[in-house]
Amino acid sequence: MTRILVVAAFLGLAAGLARGQAPPAGAWQDSPGYLRLFAPTGARAAAYRIYVSTLDIETLLRRLATDPAVLHPPGAWSPAALLPADAFGQTGGYDRSKLARLYGSKRAMVARGPRERDGRATEAWTLVSPYPSRDMDHLEPGTMLIVLDLDRSGGP
């Protein structure tokens, strides 16, 4: 029975890796509750995954610098202070005015960049710190990671 469970778990993990659905390595917690807020609705929603970490964005960027799957085109992974609307974009069902009030005069630190598999970019990552709580009541001190699977996005 134990062997069957181990094999089933391995096959589930392998299937997730094949679809690009494995969680990123490190201190990330899968947070699907954020998808309704920051991912588009409809068929494109399946291309998005969201994770959170208690670590600050600078620590996470240092860790990503050693990841061989991270690509480094000009401007990628450079943190920038952005207004919330620029950090989270126009997709998703979040209340834009509530998010703006939540951040107030504060800016979100945002870093974006691609990751590759088999020699081509397969994911676009966006790191945001601090990030809103799911109820958009307060800002969490860690970092949110929004992953767009380019193979499933329906884009070019």
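A search of the whole structure, which is a predicted model, finds 5 salt bridges. Side chains of opposite charge can pair when their charged atoms come close.

| Pair | N to O distance |
|---|---|
| E123 and R49 | 2.8 Å |
| R117 and D151 | 3.8 Å |
| R120 and D151 | 2.8 Å |

**The pair E123 and R49.** The side chains of E123 and R49 meet in a salt bridge. This pair connects distant parts of the chain, with E123 in strand β5 and R49 in strand β2 (residues 48-53), 74 residues apart. Both E123 and R49 are buried. A network of salt bridges links R49 and E123 with D67 and R115.

**The pairs of D151.** D151 forms a salt bridge with R117. Here, too, distant parts of the chain are linked: R117 belongs to strand β4 (residues 108-117), and D151 to the segment after β8 (143-149), 34 residues away. R117 counts as partly exposed because its relative accessibility is 31%, and D151 is likewise partly exposed, at 42%. The side chain of D151 also meets that of R120 in a salt bridge. Because R120 lies in strand β5 and D151 in the segment after β8, this pair ties together parts that are 31 residues apart in sequence. R120 has a relative accessible area of 44% and is therefore partly exposed.

With a relative accessibility of 8%, S129 counts as buried. The side chain of S129 reaches the backbone oxygen of G142 at 2.7 Å. Leaving aside residues up to four places away in sequence, S129 touches I57, A108, M109, P141, G142 and T143. S129 is joined to P130 by a cis peptide bond, with omega at about -10 degrees. P130 itself is found in the loop between β5 and β6 (131-132).

**Positive phi values.** Most residues other than glycine have a negative phi, and most peptide bonds are trans. Against this background, W77 has a positive phi, near 65 degrees. W77 is placed in the loop between α3 (57-64) and β3 (80-82), and its relative accessibility of 10% means that W77 counts as buried. M136 also has a positive phi, near 55 degrees. The place of M136 is in the loop between β6 and β7 (139-140). At 5% relative accessibility, M136 counts as buried.

Technical notes: Residues are numbered from 1 along each chain as its sequence is written. This is a predicted model: local features need pLDDT of at least 70, side-chain atom pairs count only at pLDDT 80 or more; totals for chains, interfaces and linings use all residues. Side-chain values use heavy atoms; hydrogens and water are left out. Buried means under 20% relative accessible area, exposed over 50%, partly exposed in between (1.4 Å probe, protein chains only). A polar contact is a pair of N or O atoms within 3.5 Å; within protein, one must be able to donate a hydrogen and the other to accept it, and residues adjacent in sequence count only if both atoms are side-chain atoms. Contact means heavy atoms within 4.5 Å. Helices (H or I, at least four residues) and strands (E, at least two) are DSSP runs, numbered from the N terminus. A salt bridge is a side-chain nitrogen of Lys or Arg within 4 Å of a carboxyl oxygen of Asp or Glu.
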